[in-house]
Amino acid sequence: MRVALVNPAWSFDHSIYFGCREAHLPLELGYSKALLERAGHEVLLLDGALDGLSNAEMAERVAAFAVGMTVLTTAPTYLFWRCAQPELRVPKEFLAALDGRGGRTVAVGPHGSTTPAPTLSKLGVDLVVRGECEEIVARLAEGTALDETPALAFYREGGLVVTGGPHAARFTDLPALSWPVDWLHRHPHHHHRYGTEPAGPGAEVEASRGCPYSCSFCAKIDFRDQYRRRDTAIILEEIDGLIAAGVRYVYFIDEIFLPRRDLLEALVDRPVEFGVQTRIDLWKPEMLDLLGAAGCVSIEAGVESLTEEGRASLDKKCRMSTDDLAGRLIHARRSVPFVQANLIAVAGDDAGMVKAWREKLLAAGVWANDPVPLYPYPASPDYRRLWGEPDDRAWERAHEHYLGQFARLSDIQEDEPLPLTELEAACSCR
Ligand code: SF4
């Protein structure tokens with residue numbers, strides 16, 4: 001089968017989107033491509049930012065490729081599935097331009113994983129894949145009957161058919177990815193790197209997927225939930241390919257980059273630097289030293305609240321005191337040039353305490369952000385505590401709650417956020 005895999009040309013005007021707006025490698029589509037090609041299918045992989053194409057231009061390329069199936073992601077890469085933009089405006093824009101010329105249309109991403117029916121309706125696609133998508137996309141290309149393919153949602157004779165819950169991929173042996181060299185050269189961005197000069201192209205890599213914790217605000221119930229480690233030899237094969245293509249920085253998109261001696265020791269002598277997100281309470285000082293020696297230049301560590309009660313209310317299951325967490329962050333900073341403690345706005349963390357703690361850490365070279373408000377993503381435990389299982393209005397409900405609760409929004413949200421219905425009614429192509 002001829003299959004098009006599309007990461008649309010994103011824009012986030014008036015969105016509450018928290019994620020980074022630079023171009024990143026669309027890993028979910030990269031894995032899909034590898035599995036499809038291994039099975040003998042022909043693949044057209046397009047990325048709006050990395051190909052420098054508009055949604056209309058990509059739609060023309062897909063139509064000209066005469067595909068049997070078009071797969072479109074509703075969030076800009078796996079890295080941002082947990083903090084996706086709520087609106088489906090941009091995928092809609094691509095599909096409007098495609099205008100029925102893409103064969104069977106399939107949406108993958110966090111929206112359809114949690115709320116398949118409204119995602120089908122809003123986008124008008126033939127199928128939605130729930131959960132991690134690469135293995136399901138490969139099965140669809142094989143022609144497996146829809147009723148026998150897990151984790152799908154579609155309409156048949158006006159009724160919603162859901163073939164199963166969200167899919168968790170095996171993941172551990174997903175093949176080493178290689179990317180078009182011109183894409184890598186269009187990717188100077190070193191994700192979450194601050195304070196040191198980026199030299200050479202950057203890339204994103206996955207060493208593990210999921211997380212053994214269930215923090216109340218973390219939107220991963222329906223994808224990337226259960227913790228799995230990718231085989232070290234495959235990760236190194238992928239990184240060596242990136243280095244050979246000129247890449248000098250990789251960002252491990254893992255939900256939680258856990259201490260891993262074999263991988264870190266293998267990175268020590270490789271000419272590549274990297275960034276991670278993790279929990280500092282899970283790292284012993286000796287492993288932090290190895291992390292720095294291996295080339296880590298950026299750590300983003302979720303501390304969230306400055307009180308043990310606050311962290312407990314978020315189900316962090318953190319066994320360290322706030323002072324010990326600060327000590328561990330400061331230790332990391334000895335060998336890693338940028339260390340950030342993430343804070344979120346939690347009732348009980350008074351402004352004076354937060355200010356004093358941030359100043360203490362800053363004096364030791366550790367950055368702690370101004371606490372940001374929480375968005376109750378439908379895939380998070382917080383959503384389910386507030387409203388139960390997500391229904392067809394889940395995203396609208398979360399959005400209304402968020403806009404109503406916070407007058408002051410995160411630094412990275414530049415313009416006045418709009419209600420979801422207004423955002424999705426607008427089309428940025430007009
Ligand atoms: S530790 Fe991080 S990735 Fe894991 S559940 Fe908590 S916030 Fe999510």
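This is a predicted model: local features need pLDDT of at least 70, side-chain atom pairs count only at pLDDT 80 or more; totals for chains, interfaces and linings use all residues.
The protein chain comprises 17 helices and 15 strands. Its C-alpha trace spans about 60 × 50 × 40 Å along the principal axes. A compact globule of 430 residues would have a radius of gyration near 22 Å, and the 21 Å found for the protein chain agrees with that expectation. Of the 430 residues, 59% are buried. Among contacts with a separation of 6 or more, 72% are made by residues 24 or more positions apart. The accessible surface of the protein chain amounts to about 16600 Å², and carbon and sulfur atoms contribute 50% of this area. The side chains include 45 positive and 63 negative ones, with the centres of the two sets 3 Å apart.

An open sheet is formed by six strands in the order S8-S11-S12-S13-S14-S15, with parallel pairing. Strands S8 (202-205) and S15 (367-368) stand at the edges; each has a single partner strand, so one side of each is left without a neighbour in the sheet. Within the sheet, strand S11 (residues 249-252) pairs with strand S12 (residues 273-278) in the parallel sense over three bridges. Valine 250 has phenylalanine 274 in S12 as its bridge partner.

Six of its six residues are buried, so S14 is largely enclosed by the rest of the structure. In a regular strand, side chains alternate between the two faces of the sheet. In S14, Phe338, Gln340 and Asn342 point one way, whereas Val339, Ala341 and Leu343 point the other way, and all are buried. Strand S13 (residues 296-304) runs parallel to S14 and is joined to it by six bridges. Here glutamate 304 stands opposite leucine 343 of S14, a residue of the set that also holds Val339 and Ala341. The pairing of S14 with S15 is likewise parallel and consists of two bridges. In this pairing alanine 341 stands opposite alanine 368 of S15. S15 is itself an edge strand, with a single partner strand.

Phenylalanine 94 is located in helix H4 (residues 89-98). Its relative accessible area is 0%, and phenylalanine 94 is therefore buried. Leaving aside neighbours within four places in sequence, phenylalanine 94 is in contact with Val6, Pro8, Asn55, Met58, Ala59, Val62, Thr70 and Leu72.

Glutamate 396 belongs to helix H16 (residues 394-405). With a relative accessibility of 10%, glutamate 396 lies under the 20% limit and so counts as buried. When residues up to four places away in sequence are not counted, glutamate 396 touches Lys122, Leu420, Thr421 and Glu424.

Terms used. Residues are numbered from 1 along each chain as its sequence is written. Side-chain values use heavy atoms; hydrogens and water are left out. Two strands pair if DSSP finds at least two bridges between them. Helices (H or I, at least four residues) and strands (E, at least two) are DSSP runs, numbered from the N terminus. The radius of gyration is taken over C-alpha atoms; the globule rule is 2.2 Å times the number of residues to the power 0.38. Buried means under 20% relative accessible area, exposed over 50%, partly exposed in between (1.4 Å probe, protein chains only). Contact means heavy atoms within 4.5 Å. Accessible areas come from the Shrake-Rupley method with a 1.4 Å probe; for residues, only the protein chains shown count as cover. Lys and Arg count as positive and Asp and Glu as negative; His and the chain ends are not counted. The place of a charge is taken as NZ of Lys, CZ of Arg, CG of Asp or CD of Glu.
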